[in-house]
Amino acid sequence: MSVKFLVVDDSATMRRIVGNSLKNLGYQSFVEAVDGKDALQKLQSDPEINFVITDWNMPVMSGLELTKAIRSSEQFSDMPILMVTTRGVKEDILQALQAKVNNYIIKPFTPQILKEKIEQVLATV
Amino acid sequence: MATNYPQNMSELFGKLNDLKAVFVYGQKIIPVIQSLIDFMKDTVPLLENINRSIEESTHKIPSAKAQLNNISSATELATNEILDIVDEVSNKLSEAEATLEGITAWEQERKNKLEKLKSLVKDETALGLIDELFNNSVSEKLITIKDIIDKVNEYNYQITLSLQVQDITSQQLAAVNHLIESVQYKLTALITDLEDAELKELEKSYNEKEIVFDEKAEYSHEKEEQKIADNLFKVQSSKTTQDEIDKLFSETK
């Protein structure tokens, strides 16, 4: 399965780090978005995107709101979503779980964790 | 009237005694009032000082906030510059790797030609020279260089991952900034003679400010929280009920 990622983060540094990590893992194809709203526009305009990696804390539209928007849309409701965030409080994790993100990584991440989670999500879709 | 005289006098003396008691009490209380006045005299400049300090601090807050924002921007800029260099190093390593692959292929070709030559030559001295050339190979050195390139690539990637600290510290700075803003709001309310409506407006704008940071963000590789997240998602993928998730939560609390 060819995977095209959408990396959503308001931090340019984090977008580069996630992008470099994806390249390092052998995934060459990805696009970037600066917040949830931008991500929704990218999803609409690029039908090849089939995996979303999103931060939680973002201006305009958060990662959690983005997840809810994706899950409630007819077109993208099955989109695999991996949340990569600093939020490690149990209540937050539960909120993400209830919003139906496919998996959850707490920053700072290691390449092993990223690889493991991507593979776990891909195995379930 | 004459018959009431002793009673009236007695009442008068009674009143005079009451009045005397008031004066006696007054004499006792005057030093207390005096010390209260002295205390007030001492306190007023102190209060004025406090008020001035609060006013000064309130005026300094915007520059403190700007400084924190500058730190955040400068760190992001520097981090991106480091990432540029890391990318450049990565590109150069890729070039070196490609060159090395070329040299390795050339070396293999050289060995193949020497093998071929060996089968054609019968002269012992020439065969000895060919063997010498064959054994004088750079293959092992090329493998060592390849290992070094792989290691530098790995270190380079580790640098990239460590730069996640910038995102985490910028969230911590944003949290401090938000805290400073809340102090500024409280202080402004203290020193400014604002109408109720104005104060409410100030409070509203402060409360409505979008929070896009995690105040608990921390840079640590020892993440107990990741294990909790992993457990929760494992439980979810095995179609566990909400009650079971709640139970897991109460156990990990």
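This is a predicted model: local features need pLDDT of at least 70, side-chain atom pairs count only at pLDDT 80 or more; totals for chains, interfaces and linings use all residues.
**Entry 1: overall fold of chain A**

I started with the secondary structure. Chain A has five helices and five strands. Going along the sequence, I read the pattern β-α-β-α-β-α-β-α-β-α. I then checked the radius of gyration, which is 13 Å for chain A, close to the 14 Å from the globule rule for 125 residues, so chain A is as compact as a globular protein of that length. The C-alpha trace of chain A spans about 35 × 30 × 30 Å along its principal axes.

Next came burial and contacts. Of the 125 residues in chain A, 62% are buried. I looked at contacts in chain A between residues at least 6 apart in sequence, and 63% of these join residues at least 24 apart.

I also looked up the surface. The accessible surface of chain A is about 5,000 Å². Carbon and sulfur atoms account for 49% of that surface. For charges, I noted 14 positive and 15 negative in chain A, with their mean positions 3 Å apart.

**Entry 2: A:N50**

I placed A:N50 in the loop between α2 (36-45) and β3 (51-54) of chain A. Is A:N50 buried or exposed? Its relative accessible area is 19%, and the cut-off for buried is under 20%, so A:N50 counts as buried.

Which residues does A:N50 contact, beyond its neighbours within four places in sequence? I listed A:M1, A:S2, A:V3, A:K4, A:M79 and A:P80.

**Entry 3: A:D92**

A:D92 lies in helix α4 (residues 90-98) of chain A. I found its relative accessibility to be 10%, so A:D92 is buried by the cut-off of under 20%. Leaving out residues up to four places away in sequence, A:D92 touches A:W56, A:R87 and A:Y104. With A:R87 the side chains make a polar contact of 3.2 Å.

**Entry 4: B:E76 and chain A**

I moved to chain B. B:E76 lies in helix α1 (residues 5-120) of that chain. Its relative accessible area is 26%, so B:E76 is partly exposed, the range between 20% and 50%.

Which residues are in contact with B:E76, apart from neighbours within four places in sequence? I noted A:S11, A:A12 and A:T13 in chain A, and B:Q166 in chain B. For A:A12 I have a distance: its backbone nitrogen lies 3.4 Å from a polar atom of the B:E76 side chain. I also checked B:E76 against B:I211, 135 residues along the chain, and their C-alpha atoms are 19 Å apart.

**Entry 5: backbone exceptions**

Most residues other than glycine have a negative phi, and most peptide bonds are trans.

The peptide bond from A:K107 to A:P108 is cis, with omega near 0°. I placed A:P108 in the loop between β5 (103-106) and α5 (111-124) of chain A.

Where do the positive phi values of A:V60 and A:K100 fall? A:V60, with phi near 70°, is in the loop between β3 and α3 (63-72). A:K100, with phi near 75°, is in the loop between α4 and β5. I checked exposure too. A:V60 is exposed at 53% relative accessibility, and A:K100 is exposed at 51%.

Methods: Residues are numbered from 1 along each chain as its sequence is written. Chains are lettered from A and ligands numbered from 1 in the order in which they are written. Side-chain values use heavy atoms; hydrogens and water are left out. Helices (H or I, at least four residues) and strands (E, at least two) are DSSP runs, numbered from the N terminus. Buried means under 20% relative accessible area, exposed over 50%, partly exposed in between (1.4 Å probe, protein chains only). Contact means heavy atoms within 4.5 Å. A polar contact is a pair of N or O atoms within 3.5 Å; within protein, one must be able to donate a hydrogen and the other to accept it, and residues adjacent in sequence count only if both atoms are side-chain atoms. The radius of gyration is taken over C-alpha atoms; the globule rule is 2.2 Å times the number of residues to the power 0.38. Accessible areas come from the Shrake-Rupley method with a 1.4 Å probe; for residues, only the protein chains shown count as cover. Lys and Arg count as positive and Asp and Glu as negative; His and the chain ends are not counted. The place of a charge is taken as NZ of Lys, CZ of Arg, CG of Asp or CD of Glu.
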